[in-house]
Amino acid sequence: MIMLLFLIGKAIAEVAESQFHAKMMSSIFYYLDMLQTIFYHIQSVDARDFIMGLSSTTPVSETTQLCVFDLRRGQHEGQELDKILFFFPADCPFSKQLSVIGLSEGLITFTRIFSPEAACDVIEAEKHSHVFYEAEPDIWMVMVVEKNKEAEAIWRIDALRKVLKEVHSLFVTFHGSVRLLLEKDLNGGLVRAHLYSFITDYIIDFFAGKKLQLPFFRDCLKERGTVQMLTIGREAAIGVQSLVRAIESSCGTNAACSSLILFQDLLVSTTLSPVRFDFIAQDDTVNLFTYAVLRLTPRALSSKTSSWSYLRKDNPSSQITAESILTNTGSESKDFYTLRDVSPDSQSQRYHVPRPLQRDRWSKGKDGFLVTDIWGADFDTVVSTTPTLWLKQTEEKVYLYVYQQKNVTVIILVPISSLAEQGISMVKQQLLENVSLKILLIEEKLTRGWGGENAYHVAGYRYLLFDSNKNMSRASPPGKVATLAKESLLALKKLREEVDLEKSRTKKDNPSHEKDLEVCIRANNNSWVIARVTRGKELYMVLEKASETLLYASDAVEKFSNRYCDRAFSLD
Amino acid sequence: MFGATSKSQPGVASSGSGALSHVYIQHPPLRCNTPGSRGLYYDDGNKLLLSLTSDQVLAWDIAQPTSHNALSADSIGEGPVLSIRFSLDRKVIGIQRSNHEIQFINRESRETFTQRCRSDAECIVGFFWTDCRTCDLIFIKTSGLDLYSYVPELKALRLVETKKLSVSWYVYTHESRMVLLASGMQCKTFTGFQFSFAGVVRLPRFEMGMAKYEANKKPVLAVEDVHIVTIYGRIYSLQVDRVAMLLHLYRFYRDAVVQQGSVPIYSSRIAVSVIDNVLLVHQVDAKVVILYDVYSDSRAPISAPLPLRLKGYPKANASSSRTGGKDMIHMETNEVSDHEGNIYGDAWVFLNPDLICDNVHGHLWRIHLDLEAIAASSSEVSSVLEFLQRRKLESIQARQLSLAIMRTLILERRPIPMVSRAIDVLVASYSHSIKTGSSLQGSMIRAEIGGHGENGSINRDTWSTVNNRSSTCSDPGEDLNNDLPSEVSGVDVEQSALQSQTLGNGGNLTDISGSQVSAAISSEEMYISVFALVEEEMASEPVYLLAIITEYFRSAASEKVRVNPNLNVMTVQLLACSERYAELGLFIVNKIVEPSKEVALQLLESGRQHCETRKLGMDMLRQLSLHHDYVLMLVQDGYYLEALRYARKNKVNTIRPSLFLEAAFASNDSQHLAAVLRFFSDFLPGFKNTSDHSTYCHYLNEMNSSYIAA
C-alpha cells in the first residue's frame with residue numbers, strides 16, 4: 001500500500017487548527033474525498049512506473065524523471081501535450097509523461113486550495129519522491145526520484161529542489177524566462193528546444209558513468225545555489241576593488257558594466273547585487289559564479305577531475321554526452337522537444353539554440369580572453385559571436401567577456417544597449433591595455449596568499465557555513481567530509497531536513513522575522529551533529545570524536561564561531 | 001667687499017619683464033639707504049644687512065623686516081673698512097681695517113682691540129665668526145686659516161689652530177658652515193673645511209673642471225664663478241664654466257666630492273639663488289631665470305626660462321615705464337620708475353640664498369617662488385604635486401595648491417590612473433612626513449658632510465622660514481654620523497635641515513603661524529578639503545568618485561596611512577546610495593572600510609532600505625563589542641528575546657526594561673511578554689517593585705483573559 005507523507009495533510013491540519021468552523025467541516029470532508037481520488041491515481045502511476053522501469057531499454061537512469069510544464073496550457077481535453085515543456089528522459093512515452101504531469105498538476109491544484117501562495121512542495125510515496133518547484137508563476141518543475149535501500153538513494157529533498165532551482169536560474173540567465181519564450185512562440189517549440197538542450201546539458205554533469213547521481217545525503221555539507229568566497233586580506237581586497245574600478249572605466253560606456261572576479265573556483269569580487277523579489281533572492285552573482293565554475297574556470301577548462309567544489313562531479317570519465325542521451329531515443333517524443341519546426345511556413349528556418357552549458361566549448365584565446373562558438377560564429381569575419389546573457393538585476397541583456405590569467409578568471413558584462421557590435425573589439429582592446437597588468441599583479445598576490453584546496457579545513461570539524469541572505473557558503477573540503485561515517489552523515493541529513501522544515505514554517509509565519517535555532521544530536525555512532533541558525537546564517541557541524549559530552553560539543557561550536565564566524569553563532 | 005661671495009659685473013640692461021613668471025620680488029623692498037652711506041655689507045651669520053656711514057654702522061635685521069628703521073647703530077670710528085661682521089651673539093663687531101689687521105669693538109663696553117698678522121708676508125683675505133665648538137673666529141689668510149677663540153676677559157683672541165695652505169680666494173656661507181679655499185694657477189684647486197658645531201671637518205682636496213679656450217690659454221676661475229648652495233640639506237658647489245657655458249654641480253659628501261651633472265647657461269653673467277630648495281639660475285644678461293629642482297637625478301629645468309617679476313609695483317605698467325636702467329640718477333621722485341623696477345640692474349648683488357641687494361640704492365629684495373604659476377605651467381600633475389609637496393617655505397600655499405589640483409582632477413573626471421598617481425604622491429608625502437616627524441624627536445638627523453647638525457649648521461635665511469618653524473625643539477641630532485649620506489632620503493635631510501635651522505636661529509625667530517612644517521596633506525585634510533567638497537558636486541555620479549576613493553584606500557594602505565573615519569562613512573553612504581550592495585558587502589567583510597561605530601551606524605541607516613546592509617551594521621556593532629547599541633538595535637528590530645539573551649551574556653544592564661517590555665507587548669504574544677517579565681523578575685533585583693512590573697503584569701493578565709474569552 002502506498003504511504004503518503006504529504007504537505008496536503010499538513011495544510012488540512014493547519015486549516016483545521018486555525019479556523020475550526022462547522023462550516024469548514026463539510027469542505028474538509030470534500031477535500032478528503034478528493035484526496036482519496038488522488039491516492040488512487042498515485043497508486044496507479046507508481047505501479048505503472050514500476051513496470052516500465054523493468055521493461056525500459058533506456059540505459060540512463062530510468063529511475064529519475066524531471067519535467068517542466070505550464071499549468072496555463074493544454075487545459076482542454078486532447079491538448080494535454082501542450083503543457084509539457086520538457087521531460088527527462090525524453091524517450092519516455094507520452095502516456096507516462098502525461099501521467100506524471102497529470103498527477104503533479106492535480107496535487108498542485110488541490111493544495112492551492114489551502115495554500116494559494118505556496119502549493120505543494122513534495123510528495124513522499126513509498127517508492128518515489130516527487131519534488132516540486134514553481135520556477136515561474138504556473139511554470140512548474142517536478143523531479144521524481146526513486147527511493148530504494150541503496151545509500152545513494154537517500155535524498156535530502158531541499159537539495160534536490162535546489163537542483164531544479166539552479167537549472168532554472170541558469171536557464172533564465174541565458175535565455176530569459178520560460179514565460180517570455182512561450183509568449184514569443186505560442187506553439188511552444190521555441191521554449192521546448194531551449195529547455196531540451198539546456199537541461200540535458202546540465203544534467204550531464206550529474207552522470208557518474210551511466211548512472212545519474214543527484215545530490216544525496218553525503219552532500220549534506222554542501223549548499224547548492226551559493227557562492228564560495230576566497231578570504232583575502234585588506235590590502236589584496238583593495239587591490240581587487242581597484243581592479244574592479246579599472247575594469248569599469250575601461251568599458252568606456254555610459255552604462256555601468258559589471259564584473260565578477262574568481263580565483264580558481266572561488267569568488268573574489270562581484271558588482272552584481274542580489275535583487276529581492278518576494279523574499280526570493282534573484283542573484284546574478286550566484287548564476288554567473290555557478291556557470292563559471294561549471295564551464296569557465298581553469299579547472300573547468302582543463303576538465304580536471306578532482307574538485308573540492310560541490311558543482312563539479314567526480315566522474316568526468318563518463319562518456320556521456322548530450323548526444324548520447326539524445327540519440328538513444330528515436331521515439332516520437334524526441335521530435336517533440338528537439339529542433340524540428342514543423343510549421344509549414346518556415347521550413348528552412350530553424351531555431352538557433354545556443355547551448356551555453358555544452359561541455360568543452362570554451363577555450364582560451366591568445367589574448368587571454370576565453371572564446372567559444374556556442375553562440376555561433378560569424379562566417380564573414382571568422383569571429384565567434386560574443387556571448388550574451390540576461391541580468392536579473394538590471395533586466396538587461398549583456399555581452400559576456402571572460403578574461404583569464406592563470407588562476408584568475410574575470411567575467412565582464414557590458415550592456416548590449418551601450419555597445420554597437422563593432423565596439424566589442426574596442427572594449428577588449430581597452431581592457432587589455434588598461435587592466436591586464438593589474439590582473440597579472442592581483443593574480444600573483446592572490447596566488448601567494450592562497451592556502452590550497454584545504455585552506456578552509458578546520459581540524460577536528462566537518463562543517464557547512466551558509467549565509468542564506470548573501471547566498472554564500474563555506475564548507476569543509478570534500479576530501480575531509482569523505483572521512484565521515486555514514487551514520488554521521490545520515491544523522492546530519494535528518495537534522496538538515498528538520499531545519500529546512502522549521503525554516504519554511506518560520507518563513508510562512510512571519511517572513512521578516514528570522515528565528516534562532518540550535519540543535520545538537522548524538523548520532524548512533526556517538527558523533528555530534530549540530531545545527532545552529534541565527535538571523536539567516538546557518539552552521540552545520542559534525543564532530544566525530546567519540547564519548548564527548550554535550551558541553552564539549554557546545555564548546556567546540558562556540559570556539560568555531562568565535563574564530564571563524566565573527567562570533568555570529570555565539571548566542572549565550 | 002660684500003660678504004665673501006660678492007661680485008659685481010657690468011650687465012646689459014634691457015627690458016624683459018613679462019606677465020608670465022615663476023619667481024617674483026615683492027614691492028616694496030626693504031629700504032636700507034641712509035644718507036652718507038659708504039656701502040652695504042651683508043652679515044649672513046646674523047642675517048644682518050649693515051650700512052656704513054662715516055663713523056657708524058647701521059644694522060637691519062632681515063629676519064624680521066618689520067620696519068625700515070635700522071635695528072641698531074653702532075659707532076665704529078673712522079677708518080677704512082674692508083669687511084665687517086658681528087659676532088654670532090652680536091656682542092662684538094669685527095672690522096677688517098686692512099689686509100693685515102682686524103679691529104674688534106665690544107658693543108657694550110666700547111672696548112676695542114686689534115688683531116694683526118704675525119708677518120707682513122701674509123695678508124688677511126677675510127674672516128668670519130663661527131659657532132664651531134673649538135673656535136669662534138676664522139681668519140682666512142693667503143697662507144692658510146687661523147682658528148681663534150675669543151676671550152672677552154682678556155680682550156684678545158687666542159689662537160687655537162693654524163691650517164697651512166695657500167689661498168687665492170675663498171667662498172663661505174654661514175648656511176653651510178663651509179669654506180672653500182681656492183688655490184693654484186687657475187684657482188681651480190679647492191680645499192674645503194666645514195666648521196660645524198661638532199668640530200672641524202676637512203674635505204678632500206678636489207679640482208673643478210674647466211674647459212679650455214685654446215691649447216695655451218688657461219682660464220682662471222674667479223670668486224664670482226663659484227657658489228655654495230644648500231638644497232634639501234645637501235651641500236652643493238656650483239661652478240660657472242664660461243667657456244663651456246655650463247654650470248657644474250658638485251655635491252659634498254663627508255669623504256668625497258662628486259660632480260653631479262651640469263646645466264647649460266645662456267648668459268655670461270650668472271647668479272644663483274636657492275629658494276625653498278629650488279635652485280634658481282639667473283641668466284642676468286638675458287634677464288630670465290631658470291628653475292631647477294635638483295631633488296632627483298634629472299637636471300631638467302622645472303619650466304621654461306621666464307623673467308623675474310616685480311610684484312605689488314605701484315604702477316600698472318611697470319615694465320614699460322622703466323627707462324634706461326643705466327642712468328642711476330638719485331632722484332626721489334623717479335626712484336620707483338628708475339631703479340626699483342630695474343630688474344637685473346647692474347647694481348644688483350645676489351646674496352645667498354634668496355636675497356637681492358641693490359647696492360646703489362640700498363634696497364633689499366627677497367625672491368619668492370610663485371608656486372601657483374609653477375603649478376599652472378605644467379600638465380604633469382603628479383610631478384607638479386611632488387614639487388609642491390617638497391616645498392617648505394610656503395607650505396600652506398603649497399598645500400592649498402595641492403588640494404586644489406586634486407579637487408580639479410576629480411571634478412574634471414580625469415582618467416583614474418592619472419588621479420591615482422596624484423593620490424599616490426600626496427599619500428607618500430604624508431607618510432614620509434609622519435615618519436620624519438617622529439624622527440625629529442630622536443637623533444636621526446643624518447648628515448652629509450655635516451651640512452647640518454647640531455645647533456644649526458645650516459642656518460638658512462629666516463625671513464620666510466619663520467612660517468615653517470617647527471614648534472618642537474628636540475635634542476640636536478648627531479652630526480656627521482653617516483658615512484654614506486648619499487643614501488639618505490631627501491625628505492629626512494630636509495626635515496633635519498629645518499630642525500637645525502630652528503635651533504640655529506634661536507631667539508631670532510618669532511613663531512608667526514605655528515603651522516605645520518611640511519606641505520603634506522593629512523588624511524583629515526584629504527577628507528575635508530577634497531572628498532567632502534567634491535562629493536557635494538558629484539553626488540549624482542558616485543561611480544567615479546567611488547573609483548577615486550578606492551584608489552585612495554589603495555594608496556593609503558600601501559603607505560600604511562590611516563584613512564579618515566569620515567571617509568569610511570562616506571564610502572558606505574556612496575555605495576549604498578548607488579545600490580552597490582554587493583560591493584558594500586565586500587568593502588565591509590574585507591575590512592577595506594575600517595570597522596567603527598560611525599560606520600556601523602551608517603550601515604544601519606543605509607540599511608533601512610536593504611536588510612542585508614542593516615545586518616552588516618549589526619554584525620559590526622557586535623564585533624566591535626558595542627553591546628549596548630547592539631542590544632538596542634536588536635530590540636528595535638523586534639528581536640527582543642535574542643536581545644535579552646545577548647544582554648545577559650554580555651552584562652548589558654544599561655537599557656531600560658520597559659523597552660523590552662514594550663516590544664514584547666507590541667508583538668501581542670503573551671508568552672513572550674511573560675518571558676520578558678520573568679527574565680527581569682529573575683535577573684534584575686528590585687524589578688518586582690517597579691511600576692513597569694505592575695503595569696506589564698496587568699497587561700499580561702488582560703491579554704490572557706481576553707485570549708481565554710475569545
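1. Ground rules. Residues are numbered from 1 along each chain as its sequence is written, while chains are lettered from A and ligands numbered from 1 in the order in which they are written. As the model is a prediction, local features need pLDDT of at least 70, side-chain atom pairs count only at pLDDT 80 or more, and totals for chains, interfaces and linings use all residues.

2. Chain A at a glance. Chain A has 15 helices and 24 strands; here helices (H or I, at least four residues) and strands (E, at least two) are DSSP runs, numbered from the N terminus. Of its 572 residues, 41% are buried. Buried takes 20 or more other C-beta atoms within 10 Å of a residue's own, exposed 12 or fewer, and partly exposed is in between, with C-beta atoms placed from the backbone. For contacts in chain A between residues at least 6 apart in sequence, 65% link residues at least 24 apart; a contact needs C-beta atoms, placed from the backbone, within 7 Å.

3. Chain B at a glance. Chain B comes with 18 helices and 30 strands. It has 710 residues, and 50% of them count as buried. Among its contacts with a separation of 6 or more, 58% are between residues 24 or more positions apart.

4. An annotated stretch. An unreviewed UniProt entry lists residues 67-176 of chain A as "domain: CCZ1/INTU/HSP4 first Longin". (UniProt positions are given in the numbering used here, feature names are shortened, and annotations may be inferred rather than shown by experiment.) In the model, residues 67-176 of chain A are 36% helix and 26% strand, with the end C-alpha atoms 18 Å apart.

5. A cis proline. Look at A:Phe88 and A:Pro89: the peptide bond joining them is cis, with omega about -5 degrees. A:Pro89 sits in the loop between β3 (84-88) and α3 (94-114) of chain A.

6. α4 against α6 in chain A. Helix α4 (residues 157-175) and helix α6 (residues 189-204) of chain A pack at about 130 degrees, their axes 11 Å apart. Axes are lines fitted to C-alpha atoms, for helices over the stretch in contact, and angles run from 0 to 180 degrees between N-to-C directions. The angle makes α4(A) oblique to α6(A); under 35 degrees counts as roughly parallel, over 145 as roughly antiparallel, 65 to 115 as roughly perpendicular and the rest as oblique. On the α4(A) side, A:Val167, A:Phe171 and A:His175 make the contact, and on the α6(A) side A:His194, A:Leu195, A:Phe198, A:Ile199 and A:Tyr202 do. By class that is 6 nonpolar, 2 polar and no charged residues. (Ala, Val, Leu, Ile, Met, Phe, Trp, Tyr, Cys and Pro count as nonpolar, Asp, Glu, Lys and Arg as charged, and the others, Gly among them, as polar.)

7. Where the chains meet. The contact takes 29 residues from chain A and 27 from chain B. On the chain A side, α7 (234-250) and β10 (266-270) each supply at least two residues. The largest share of that side, 11 residues, is from α7(A). By class, the chain A side has 8 nonpolar, 11 polar and 10 charged residues.

8. A helix that is largely enclosed. In helix α11 (residues 581-589) of chain B, 8 of the 9 residues are buried, so the rest of the structure largely encloses it. Its cover includes α7, β10 and α8 (284-296) of chain A, together with α10 (565-577) and α13 (611-623) of chain B. B:Lys591, which follows α11(B), has a positive phi near 60 degrees.

9. A:Gln264 has phi near 50 degrees and lies in the loop between β9 (258-263) and β10 of chain A. A:Gln264 is buried, with 21 other C-beta atoms within 10 Å. B:Glu579, in the loop between α10 and α11 of chain B, has phi near 55 degrees. B:Glu579 is partly exposed, with 14 other C-beta atoms within 10 Å.

10. α15 and α16 in chain B. Helix α15 (residues 640-649) and helix α16 (residues 657-666) of chain B pack at about 155 degrees, with axes 10 Å apart. That makes α15(B) roughly antiparallel to α16(B). B:Tyr640, B:Ala643 and B:Leu644 of α15(B) meet B:Phe660, B:Ala663 and B:Ala664 of α16(B), a contact of 6 nonpolar, no polar and no charged residues.

Technical notes:
Contact = placed C-beta atoms within 7 Å.
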